[in-house]
Amino acid sequence: MLVKFLGGVREVGRSAIYLADGDRRFLLDAGVMLSGREVKYPMHIPPREVDEIIITHAHLDHIGAAPIFFIGLGRESFLTKLTAPLAKLILLDFIRVSKGTLPFEVLEVDRFIEKSEKLEYGQEISRNGFKLMFLQAGHTPGGGQVLLEFKGKRILYTGDINTVETTLLKGAFTDYPPIDVAIVESTYANKNHPLREEIERKFVEKLKEVVERKGIVLVPAFGIGRSQEVITILAKYSFPYDVYYDGMARAVTQILFDFPDWLSNPNLLEEAAEEVIWVNTQRQREEALKNPGVIVTPAGMLQGGPVNFYLKKVGDSKKNLIAFVSYQVEGTPGRILLEKGVITVDGKFVKAKSEIRHFELSSHSGKDQLEKLIKKINADKTFIVHGEPENCERLAKYAREELELEAFAPKLGESYTI
Ligand SMILES: [Zn+2]
Ligand SMILES: [Zn+2]
């Protein structure tokens with residue numbers, strides 16, 4: 001069997017892994033990378049050479065290129081029941097904000113999502129000589145690890161994974177059966193996260209402090225997952241001030257209400273959703289900027305979305321705070337602001353006067369957790385993906401030297417026989 005890494009290796013973004021053995025050919029994820037205004041795709045693979053598309057979760061770095069494989073044709077695809085509506089939402093939004101520059105349209109998104117096989121966690125499906133199951137990944141609502149059995153081999157692809165429970169999601173399922181080949185992410189292979197509760201408390205305290213000094217807090221957060229987590233944290237600690245909730249996060253929250261069993265604490269989300277002020281109009285956006293309070297809005301790395309409306313204004317006063325709550329990919333406006341204190345507005349750079357902080361409310365496992373994870377998986381062959389080059393190498397080296405596993409940090413376009 002051949003495994004070829006088409007993207008998302010030694011980088012975070014455009015995840016795509018090709019797995020083939022004669023009569024059956026799989027694509028595990030088909031993502032894009034958004035760096036600046038440019039959209040980067042995985043290495044080319046002719047759509048006719050792919051039979052099955054398996055998607056781990058509804059983040060663009062895992063799903064943004066999937067509709068390309070539905071241009072002019074239908075094919076089998078697999079995702080979880082909750083990933084399906086979220087995927088549709090995020091892909092239609094991607095088309096809208098890209099203003100006709102993508103190589104696919106609404107038709108392809110519909111074709112992809114409508115016909116897809118939508119699975120529960122732990123539900124096994126048998127098809128064309130392979131078996132497939134999604135396991136809870138703990139990273140984002142609906143997100144699944146892929147367990148694929150094919151030609152006598154059991155392959156585990158973690159996708160993005162978090163083994164720790166959060167206010168929104170249960171931790172990843174890790175009671176794996178024996179695994180032959182593992183493909184594991186490494187976003188935070190160099191870093192341990194502080195205890196979740198500790199970060200939550202610091203986050204809430206900081207937000208209170210800023211509002212009490214009459215400042216505005218802007219929390220750029222992914223529409224799927226992170227935004228809901230932020231409002232549930234604020235509800236958990238009974239945050240007493242106004243919280244404005246903007247962007248795609250609204251529609252996502254409505255979808256999540258239909259999937260209470262997929263969340264760690266659905267009641268808390270309902271409570272949180274009742275407390276926030278839902279922003280629906282431009283006038284409300286302007287309103288949100290008039291008084292001290294918190295604004296939670298996508299995009300998490302400042303790549304478009306309503307956050308751009310707020311950014312310049314919030315960044316313009318030292319009373320205010322821009323509070324990042326997720327990983328900032330190299331080259332994104334979020335990373336530039338975090339590292340250089342510079343806001344990118346309409347292609348121009350403006351020095352931020354506000355305070356800028358990063359809170360590690362990560363939805364990816366940290367260093368020790370990843371190390372424990374690959375030890376537990378204990379596969380005959382382990383491939384480390386989805387991390388900056390040093391992180392992929394570091395975790396592969398750990399697996400080789402400390403666990404004596406056969407482990408690799410593949411390069412873009414590399415193929416292996418498994
Ligand atoms: Zn993700
Ligand atoms: Zn990812």
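The legends below walk through several close-up views of a predicted model.

Local features here need pLDDT of at least 70 and side-chain atom pairs count only at pLDDT 80 or more, while totals for chains, interfaces and linings use all residues. Residues are numbered from 1 along each chain as its sequence is written, chains are lettered from A and ligands numbered from 1 in the order in which they are written, and side-chain values use heavy atoms, with hydrogens and water left out.

**View 1**
Helices (H or I, at least four residues) and strands (E, at least two) are DSSP runs, numbered from the N terminus. The C-alpha trace spans about 65 × 50 × 40 Å along its principal axes. A compact globule of 418 residues would have a radius of gyration near 22 Å, and the 21 Å of this protein agrees with that; the radius is taken over C-alpha atoms, and the globule rule is 2.2 Å times the number of residues to the power 0.38. Of the 418 residues, 58% are buried. Buried means under 20% relative accessible area, exposed over 50%, and partly exposed in between (1.4 Å probe, protein chains only).

**View 1. Here is an open sheet of 6 strands with parallel pairing.**
The strand order is β16-β15-β17-β14-β18-β21; two strands pair if DSSP finds at least two bridges between them. β16 (277-278) and β21 (355-358) stand at the edges with a single partner strand each, so one side of each has no neighbour in the sheet. Strands β14 (residues 216-220) and β18 (residues 321-324) pair in the parallel sense over 2 bridges, and I322 in β18 is the bridge partner of L218. Helix α9 packs on the sheet and touches β14, β17 and β18, its direction making about 140 degrees with that of β14. Helix α5 lies across β14, β15 (243-245) and β17, running at about 160 degrees to β15.

**View 2. Helices α4 and α5 cross at roughly 80 degrees.**
The axes of α4 (residues 196-212) and α5 (residues 226-236) come within 10 Å. Axes are lines fitted to C-alpha atoms, for helices over the stretch in contact, and angles run from 0 to 180 degrees between N-to-C directions. Residues in the contact (heavy atoms within 4.5 Å) include F203 and L207 of α4 and I233 and L234 of α5.

**View 3. V211 sits in helix α4.**
V211 is buried, with a relative accessible area of 5%. Leaving aside neighbours within four places in sequence, V211 is in contact with V217, F239, Y241, P292, G293 and V294. The C-alpha atoms of V211 and P292 are separated by 5.4 Å, although these residues are 81 apart along the chain.

Most residues other than glycine have a negative phi, and most peptide bonds are trans. R10, in the loop between β1 (2-7) and β2 (16-21), has a positive phi of about 55 degrees. D29, in the loop between β3 (24-28) and β4 (33-35), has a positive phi of about 70 degrees. R10 is partly exposed at 22% relative accessible area, whereas D29 is buried at 0%. Finally, a cis peptide bond with omega about 5 degrees joins P298 and A299, and A299 lies in the loop between β17 (293-297) and α9 (307-314).
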